[in-house]
Amino acid sequence: MPTAAIVIFRACPRPVASLRNWWAAPGPVLRPARRPLTGQGPRAHERLQQKPLRSRQWFGREGKQGFYYRSWLKGLGLPHDMFDGRPVIGICNTWSELTPCNSSFRELAEHVKRGVYEAGGFPLEFPVMSLGETQVRPTAMLFRNLASMDVEESIRANPIDGVVLLMGCDKTTPSLLMGAASVDLPTIGVSGGPSLSGNWRGKPVGSGTGVIEMSEMVRAGTLSQAEFTEAEACMQRSKGSCMTMGTASTMASMVEALGMSLPENAAIPAVDSRRFRLAHLSGRRIVEMVREDLRMSKVLTRKAFANAIRANAAIGGSTNAVIHLLAIAGRLGVQLTLQDWDEIGSRLPCLVNLKPSGEYLMEDFYYAGGLPAVLREISQHLDLDALTVNGRTLGENIADAPCWNREVIRPLDQPLRAEAGIAVLRGNLAPDGAVVKPSAASPHLLRHRGRAVVFESIEEMKARIDDEALDIDETCVMVLKNCGPRGYPGMAEVGNMPLPPKLLRRGITDIVRISDARMSGTAYGTVVLHVSPEAAAGGPLALVREGDYIELDVEARRLHLDVDEAELARRRAEWTPPPAPTRGWAKVYVDHVQQAHLGADLDFLVGGSGDTVGRDSH
């Protein structure tokens, strides 16, 4: 009888520029693995390892301690040779039925595991806190830092040599990056991807943006509640995150622009088979990253953050990216400030014609070429030498990236918006800064002076906004207080306050709004956010009173309260802080959260503790 020959193939460690040319790259991409199918015999993967693996301090032990660490995992059906020194890859999963954006992650994790096994690694999946933006109250942002602690401690406490981060919904991405950065192991990101394009009555409709548009129509009396309800299932047609350029898609784009994922990570739809292929290839790549000791700190340099800031301008990305990138940089000791956002990216154009700044959706963005096409278009503004997780530079990754639809991704000389990056405002109303997204604002309101209509809390705003007697017109400036990091607590996405119905009925769709809150990346309007210091911390916003006049000048980067210093001093003496939480996580958060201009991380979490292995558990 002839003997059957079995050949196992695994990824060549030579990095490849993008998924589109992964299989077409010159030279052999696949080669036979030297390790037999059984895992016995010579172990080439051990010889490639340049330094001892962390996991060997668990699984490489003899005696009682080694017995403990290996035995319980063998209860899962694992053979002994899984503990022979191959890299242990932790798959950090934020799957939850309470987080619909991440509901495909069980399947996604299986594809990562395939790649890890093929490359000679040992995958172990573990869960961490999942933050569903659509369900969590009072806001998922309250728990971003808590989830980052979960990620950090889970990685450090376990026998993990490299990490694959599965992330999708708004706060899962920054929380996983923050936690992993504080440990600084070889790490690769895999985003879950956007859902399919919404379609209601033959028209495209986008997550968040469509909700805001239609809810205003209901309030104006031009759309019935029954029609509004009908649109719910038409908007969310599949698993995946918001299919607009909201915070989820923005942060997935930031992961790719930072070099923390394989190319094309940002835009592949969640239910597209190519999303699973990317997960599979990421599983292969993380094993090689462990062998190369390619840690997060080698990728997430200042030049990587600068590239991400520029990319955010080009895609018309969410203002939430500001606060998240500041926090991630803080965990790595990278010098990044709020002012960097203005100086590095504010004058760049928006090229991506996606809602809320444009008209298309994420599915269209992917088919048009995705983020690689955008980065290639703005390549003259990027640091192309920045290293990425596939081992190549950003410039190498995007060198041949095509664009297939110039309506979706505009050329640099024919942008959607000429200057679209995040603008940082300062003045006596925001000494430490505030932000505005010009690409989503009304041009005629970017320089404006108006009378303040003040809401001391979100509850007061909701109680008064529909009142026909509310003294407000299109020249006014709506001011919302006590919705910042301490005030809400958690800095909820309530800054894009709804307009009064009496203005909507007149066709007024935007007026200037100012708050210490955030807003969804799917939102739009002339909305000034992240005012720092916040009202609950005694910032000048707390002193604004009904009838005061406020000046906004985005070009001059000015936000000014027209009240003299003597009057402000008198008001400050009368001010009393709002009541604070007295127990639990909310108390820890309020006691230690930093202000928005610093990234709203907890003061004792800035920096990291590395990958030190703790004492034995027995």
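Ala-314 is found in helix H12. Helices (H or I, at least four residues) and strands (E, at least two) are DSSP runs, numbered from the N terminus. The structure is a predicted model: local features need pLDDT of at least 70, side-chain atom pairs count only at pLDDT 80 or more, and totals for chains, interfaces and linings use all residues. Residues are numbered from 1 along each chain as its sequence is written, and side-chain values use heavy atoms, with hydrogens and water left out.

Ala-314 is buried, with a relative accessible area of 1%. Buried means under 20% relative accessible area, exposed means over 50%, and partly exposed lies in between (1.4 Å probe, protein chains only). Leaving out residues up to four places away in sequence, Ala-314 touches Pro-349, Cys-350, Leu-351, Val-352, Val-374 and Ile-378. Contact here means heavy atoms within 4.5 Å. Ala-314 and Lys-437 are 123 residues apart in sequence. In space, their C-alpha atoms are 12 Å apart.

Helix H12 (residues 302-315) also packs against another helix. Its axis and that of helix H14 (residues 338-345) come within 9 Å and cross at roughly 65°. Axes are lines fitted to C-alpha atoms, for helices over the stretch in contact, and angles run from 0 to 180 degrees between N-to-C directions. H12 passes H14 in a right-handed crossing. A crossing is right-handed if the near helix is turned clockwise from the far one by less than a right angle, and left-handed if anticlockwise. On the H12 side, the contact is made by Arg-302, Ala-306, Ile-309, Arg-310, Asn-312 and Ala-313. H14 contributes Asp-340, Trp-341, Ile-344 and Gly-345. By class, this contact has five nonpolar, two polar and three charged residues. Ala, Val, Leu, Ile, Met, Phe, Trp, Tyr, Cys and Pro count as nonpolar, Asp, Glu, Lys and Arg as charged, and the others, Gly among them, as polar.

Aromatic rings were examined next. A search of the whole structure finds five aromatic pairs. Rings of Phe, Tyr and Trp (its six-membered ring) pair if their centres lie within 6.5 Å; planes under 30 degrees apart count as stacked, over 60 as edge-to-face and the rest as tilted. The rings of Phe-59 and Phe-122 have centres 6.3 Å apart and planes at 35°, so this pair is tilted. Phe-59 lies in helix H2 (residues 56-59) and Phe-122 in strand S4 (residues 122-127), so the pair ties together parts that are 63 residues apart in sequence. Phe-59 counts as buried at 5% relative accessibility. Phe-122 is buried too, at 0%. The pair of Tyr-366 and Tyr-367 is tilted because its ring centres are 6.0 Å apart and its planes are at 55°. Tyr-366 is buried at 4% relative accessibility, whereas Tyr-367 is partly exposed at 41%. Phe-59, Phe-83 and Phe-122 form one aromatic cluster.

Most residues other than glycine have a negative phi, and most peptide bonds are trans. The peptide bond from Arg-137 to Pro-138 is cis, with omega near 5°. Pro-138 sits in the loop between S4 and helix H5 (144-157). The bond from Tyr-488 to Pro-489 is also cis, with omega near -5°. Pro-489 has its place in the loop between strand S12 (477-480) and helix H19 (501-504). Asp-293 has a phi near 55°, a positive value in a residue other than glycine. The loop between helix H10 (273-292) and helix H11 (296-299) holds Asp-293. Asp-293 counts as buried at 15% relative accessibility. Arg-557 has a positive phi of about 60°, although it is not a glycine. Its place is in the loop between strand S15 (549-553) and strand S16 (558-561).

Two further sites involve strand S14. His-530 lies in this strand (residues 527-532). His-530 is buried, with a relative accessible area of 4%. Beyond its neighbours within four places in sequence, His-530 contacts residues including Thr-319, Gly-433, Met-491 and Asp-516. Ala-536 is placed in the loop between S14 and S15. Ala-536 is buried, with a relative accessible area of 11%. Asp-516 is also among the residues that Ala-536 touches, as are Trp-575 and Pro-578. Ala-536 and Pro-489 are 47 residues apart in sequence and 9.4 Å apart in space, C-alpha to C-alpha.
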